Amino acid sequence: MSDLTQKLLPLTFINTPYTRETYDMTNYHKHESLELVYIASGSIQMTYFKSASDIQPRSITVHENQFMIIRPGVKHIQCIQDKAHMMVLELRHDNLHVPTDIFIANSEFISLIPSAKQAFLNLDCVSVFTDIQDVKRIFGKLLTLLYNNQHGKSDEYFAVYYELYLKQLFVEIFKCINIKRDGNYNRYIQYVLSFIQKNYGDEISVAQIAKNLDLSPIYLNSVFKKELGKNIQEHLISVRIEKAKNLLLEQTQTISAVAKRVGYKSLRSFELAFFKRVGVSPTAYQAQHKLNGFILWKNHQDDSIEVDIAHYEKDATKKE
């Protein structure tokens, strides 16, 4: 294992839906771990003090498909505005006297990414980014791996997968950091991302978006792919499938209704696109996700487990 995975202890791993009533954080707190928080659906209000000398706290809203990095020692509180599905990971160096964020920035693995060290060290005490890469998927795999290992469901390959997923997660995060740092994208890409987020349920074409910008479809697609590594149509499909996954987990609509909600006129075309991206059919995806969330929180001083909860949904094979 590398220095990164040998020294970083996963203290808290959460992947669960919350409502305002079920989320019980009522006091400001801070910890010596680095905290990663991903909003898979819904939104949360993040209030924090930028420094110990601050009198007035600052407040930001973190929306669906955004994630934030909270550096160690930041006094903060998070509130659910209505409902939100949160994915959380707290990482701490095994030596309490070693700052976790400084250790990560100076690790051997991070040194392999030329721009990563300085970008990481330049982060604000709380930094928010939009996931336009693959952060959510890798984050989910890592959290599930950690939870299963805690409950004796891992095998001899756990250490290998832990290192693999953790490194993949940092790579995807740094991609998002670098894109935001490099001019916050150009205005064409910003427009495309915003347009798709607002209109993914409607019929959308590259030609339509390009016309809105008075550009040729070929040029707009080339600019988008050069910056994000995928073309506009691929990004649109990714957004639609991620929205569909969230709706399927809610289990309040038929699969046909979900398909229409995310912009597919044909159930068959939706099922094919879903299978290609996820590897299983929408029906199988529901059945495989009866375990809809988990919370495992460790004491920051002695690593003893204080909270260990698994949330189960109703029978996923039943449709309304």
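This is a predicted model: local features need pLDDT of at least 70, side-chain atom pairs count only at pLDDT 80 or more; totals for chains, interfaces and linings use all residues.

Reader: Okay, how many helices and strands does the protein have?

Author: The secondary structure comes to 12 helices and 8 strands. The radius of gyration is 20 Å, close to the 20 Å that the globule rule gives for 320 residues, so the protein is as compact as a globular protein of that length.

Reader: What box do the C-alpha atoms fill?

Author: Roughly 55 × 45 × 45 Å, taken along the principal axes.

Reader: And what share of the residues is buried?

Author: Of the 320 residues, 48% count as buried. The accessible surface is about 16000 Å², and 51% of that belongs to carbon and sulfur atoms.

Reader: What about contacts, how many join residues at least 24 apart?

Author: Among contacts between residues at least 6 apart in sequence, 74% join residues at least 24 apart.

Reader: Let's go inside. Which residues touch the most other members of the largest nonpolar core?

Author: That core has 42 residues, and I69, I104 and Y162 touch the most other members. Helix α5 supplies the largest share of the core, 10 residues. Apart from this core lies another one, of 37 residues, with V192, L220, I232 and F270 among them.

Reader: Take I104, then. What is it in contact with, leaving aside neighbours within four places in sequence?

Author: I104 is in contact with L4, L8, L34, I110, F120 and F170.

Reader: Switching to helices. Which residues of α6 are buried?

Author: Those are Y188, I189, V192, L193, F195 and I196. Seen down the axis of α6, they fall within an arc of 165°, so they line one face of the helix.

Reader: Then which exposed residues does the face turned away carry?

Author: R187 and K198 are the exposed residues there.

Reader: And what covers the buried residues of α6?

Author: The cover includes α7 (206-213), α8 (217-228) and α9 (232-250).

Reader: How far apart are the end C-alpha atoms of α6?

Author: They are 18 Å apart, which agrees with the 18 Å that the 13 residues of α6 (187-199) should span at 1.5 Å a residue.

Reader: Now α4: how far does it reach, first C-alpha to last?

Author: Helix α4 covers residues 135-150, so 16 residues, and reaches 23 Å, close to the 22 Å expected at 1.5 Å a residue. Its buried residues include V135, K136, F139, G140, L143 and Y147.

Reader: Phi is my kind of thing. Which residue other than glycine has a positive phi near 60°?

Author: D214 has that value. It sits in the loop between α7 and α8. N65 is not a glycine either, and it has a positive phi of about 65°. You'll find N65 in the loop between β3 (58-63) and β4 (66-70).

Reader: Is D214 buried or exposed? And N65, buried or exposed?

Author: D214 counts as exposed, because its relative accessibility is 71%. N65 counts as buried, at 10% relative accessibility.

Reader: Last one. In which loop does P114 lie?

Author: P114 is in the loop between α2 (100-105) and α3 (116-121). It is exposed, with a relative accessible area of 80%. The C-alpha atoms of P114 and M68 are separated by 22 Å, and the two residues are 46 apart along the chain.

Conventions. Residues are numbered from 1 along each chain as its sequence is written. Side-chain values use heavy atoms; hydrogens and water are left out. Helices (H or I, at least four residues) and strands (E, at least two) are DSSP runs, numbered from the N terminus. The expected span of a helix is 1.5 Å times one less than its number of residues. Buried means under 20% relative accessible area, exposed over 50%, partly exposed in between (1.4 Å probe, protein chains only). The arc is that of the directions from the helix axis to the C-beta atoms. Contact means heavy atoms within 4.5 Å. A nonpolar core is a set of buried Ala, Val, Leu, Ile, Met, Phe, Trp, Tyr and Cys residues joined through side-chain atoms within 4.5 Å. The radius of gyration is taken over C-alpha atoms; the globule rule is 2.2 Å times the number of residues to the power 0.38. Accessible areas come from the Shrake-Rupley method with a 1.4 Å probe; for residues, only the protein chains shown count as cover.
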